[in-house]
Amino acid sequence: MSGHSKLSPSQRYRWALCPGSVRESAKIPERPSSAAAIDGTHGHSLLEQAIKTEMPASFFVGQELVDHEGKFVVVKDQAERVQFALDYIASRVASNPGAEVIAEERVDPAYLVGRDDLSGTVDVQIIGSTGIEIIDLKMGINKVEAKDNPQLEQYGLGIIAKYMAMGRFFETIAMTIVQPKALELGASGISTHYTTVAELLGKVEQIKAEAAATDDPDAPLVPGDKQCKYCPAAGGC
């Protein structure tokens, strides 16, 4: 998996609300990943391997894999959670014959926004003849919704930019969160927001303005529960 860009999609919930957090976070030494973050990275690595080898997640139980967090041995419950995502992907492909499945591709909205620090890696894309689906695997238990999800919006613009630059256009885009642990809370584990490419393109100016605000050396600090929760500079800015 690739490293994060300065204004990564996964951090947009923070920098879009608090432009100064980019400046302040850069002052903080990088901390070791939490156990939950490491588990999430390993789950994504397993998903990638399963997609690229076209094997079920159970095939990898007991095998050693490696990613940027190090070596790990796949265990049964981890494989079951990843298989939940694989089953969903298979169901979507079955209803969209000929669709292409792309795992772990870095996408960049630079073609649309005019700057090169907003790229990110999409877990899974399903590219059909007229529509796109973005799938983001969340291995945590805190429920995440697809609608109005800033991370998915930025991913979506990165994918659209790629194909627009190639002269290929789509009509619709589905943005999906697959969250196996949400099943433990009695939720479905799947959250999907359907929209049009035209509607998502309407977000371009908003994202450009949010990104530009972080360029100001005196960008304001705007505290709030959401943006401060995982900010490296929280409590010291």
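This is a predicted model: local features need pLDDT of at least 70, side-chain atom pairs count only at pLDDT 80 or more; totals for chains, interfaces and linings use all residues.
A residue counts as buried when its relative accessible area is under 20%, as exposed when that area is over 50%, and as partly exposed in between.

Five strands form an open sheet in the order 3-4-5-6-7, and their pairing is mixed. At the edges lie strand 3 (100-107) and strand 7 (190-196), each of which pairs on one side only. From one strand to the next, the twist averages 25°. Strand 3 and strand 4 (residues 120-127) run antiparallel and are joined by seven bridges. Within this pairing, Ala103 has Val124 of strand 4 as its bridge partner.

Helices pack against these strands. Helix 3 (residues 35-53) packs on the sheet and touches strand 3, strand 4 and strand 5 (131-137). The direction of helix 3 makes about 135° with that of strand 3. Helix 4 (residues 76-94) lies across strand 3, strand 4, strand 5, strand 6 (172-178) and strand 7. Relative to strand 5, helix 4 runs at about 175°.

Turning to the charged side chains, the model holds 17 salt bridges. One of them is formed by Arg12 and Glu210, whose side chains meet at 2.9 Å, N to O. Arg12 sits in helix 1 (residues 12-15) and Glu210 in helix 8 (residues 204-213), so this contact ties together parts that are 198 residues apart in sequence.

Lys208 and Glu205 are three residues apart in helix 8, so about one helical turn separates them. Lys208 is partly exposed, at 30% relative accessibility, whereas Glu205 is exposed, with a relative accessible area of 53%. Elsewhere, salt bridges that share partners join Lys6, Arg115, Asp117 and Asp215 into one network.

Glu54 is not a glycine, yet it has a positive phi of about 60°. Glu54 is found in the loop between helix 3 and strand 1 (64-67), and at 71% relative accessibility it counts as exposed. Asp148, also not a glycine, has a positive phi of about 55°. The loop that holds Asp148 runs between strand 5 and helix 6. With a relative accessible area of 53%, Asp148 is exposed, because that value is over 50%.

Conventions. Residues are numbered from 1 along each chain as its sequence is written. Side-chain values use heavy atoms; hydrogens and water are left out. Two strands pair if DSSP finds at least two bridges between them. Helices (H or I, at least four residues) and strands (E, at least two) are DSSP runs, numbered from the N terminus. Axes are lines fitted to C-alpha atoms, for helices over the stretch in contact, and angles run from 0 to 180 degrees between N-to-C directions. Contact means heavy atoms within 4.5 Å. A salt bridge is a side-chain nitrogen of Lys or Arg within 4 Å of a carboxyl oxygen of Asp or Glu. Buried means under 20% relative accessible area, exposed over 50%, partly exposed in between (1.4 Å probe, protein chains only).
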